[in-house]
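Hello,

Here is the structure I promised to pass on. Please open it next to this email and follow along. My notes come after it.

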Amino acid sequence: MAEHAAIGTWGNISALDEEGYVYITPSGMEYDKLLPEDIIKMDKDGNIIEGNRRPSTETALHLALYKSRKDCHAIVHTHPIYSTAFSAMGEDIPLFLDTAVQKLGDTIRTADHAMPGSVELADNCVKALGERSRACLLQSHGAVCIGSDPDDAFLVSETLEYTAQIYSLIRSMGGNFIPMKTSDISSMQEFAAKHYGQQAER
């Protein structure tokens, strides 16, 4: 887990394979000491296929997101400083940076508070994420980011925290961001999806 993304063993990561099986980190184990055999394989209903460890306490949240978002193939749940600060205030983080527009998809909303590991928290997360956003905040808890694969989900997580930090700096300076035009947001997201990077010719 990236530095400052989580304290101790908190936070969790999962990935969905092409056959529909979920691979998720175990509960309460240090990330830098994990071995391949510590990862738990399960189906989307939570039935364990392989692994002897107890899966993450946020398994219900991961499974709910895989069922609700067809574009979700990896999930990173972290407790980053700036994002969590906004979650504690119950505030959303708007899209006001080019990088955020391209990577985060939509306004980052804060899910209503619920007990960690509960079905209620999972449902609140699904609602906050919506159909277009690739990240949301969990009130007084942390952040949840999704991606097409683990690397992509981590990049979404880094982009979210970067955006939250810039937003915090703007507000601490007594200013506000300049809103982007809706047309610019749409054009930039299309550009990122179709033209940015070493993609195959379309």
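Which residue in E5 does Ala15 stand opposite? Ala15 faces Ala74. Bear in mind that this is a predicted model.

**The sheet**

The two strands in that question are E1 (residues 12-16) and E5 (residues 74-78). They run antiparallel, and four bridges join them. They belong to an open sheet of eight strands. Read across, the order is E4-E3-E2-E1-E5-E8-E7-E6. The pairing is mixed. Strand E4 (48-50) and strand E6 (110-111) are the edges, and each pairs on one side only. In general, strands of a sheet pair through backbone hydrogen bonds, either parallel or antiparallel.

**Helices on the sheet**

H4 lies across E6, E7 and E8, and runs at about 140° to E7. Helix H5 (residues 150-172) packs on the sheet too, touching E1, E5, E7 and E8. The direction of H5 makes about 140° with that of E8.

**The cores**

The largest nonpolar core has 23 residues. Leu61, Leu65, Ile75, Cys125, Cys136, Leu138 and Val144 have the most contacts inside it. Several elements supply at least two residues each, including helix H1 (59-68), helix H4 (119-129) and strand E8 (142-147).

**A serine in a loop**

Ser133 sits in the loop between H4 and E7. Is Ser133 buried or exposed? Its relative accessibility is 0%, so Ser133 counts as buried. The Ser133 side chain reaches the backbone oxygen of Ala135 at 2.7 Å. Beyond its neighbours within four places in sequence, Ser133 contacts Arg69, Leu104 and Ile146, among others.

**The aromatic rings**

There are four aromatic pairs. One is Phe86 with Tyr167, which is stacked: 5.1 Å centre to centre, with 15° between the planes. Phe86 is in helix H2 (residues 81-88) and Tyr167 is in helix H5, so this pair ties together parts 81 residues apart in sequence. Both residues, Phe86 and Tyr167, are buried.

Phe96 and Phe177 are stacked as well, because their ring centres are 5.0 Å apart and their planes are at 25°. Phe96 is in the loop between H2 and helix H3 (98-104). Phe177 is in the loop between H5 and helix H6 (182-194). Ring pairs link Phe86, Phe96, Tyr167 and Phe177 into a cluster.

Best wishes

Conventions:
Residues numbered from 1 in each chain as written. Predicted model: local features only at pLDDT ≥ 70, side-chain atom pairs only at ≥ 80, totals over all residues. Heavy atoms only, no water. Core = buried A, V, L, I, M, F, W, Y, C linked by side-chain atoms within 4.5 Å. Buried < 20%, exposed > 50% of the residue type's maximum accessible area, 1.4 Å probe, protein only. Pairing = 2+ DSSP bridges. Contact = heavy atoms within 4.5 Å. Axes fitted to C-alpha atoms, helices over the stretch in contact; angles between N-to-C directions. Polar contact = N/O pair within 3.5 Å; in protein donor to acceptor, adjacent residues only side chain to side chain. Phe/Tyr/Trp six-rings, centres within 6.5 Å; stacked < 30°, edge-to-face > 60°.
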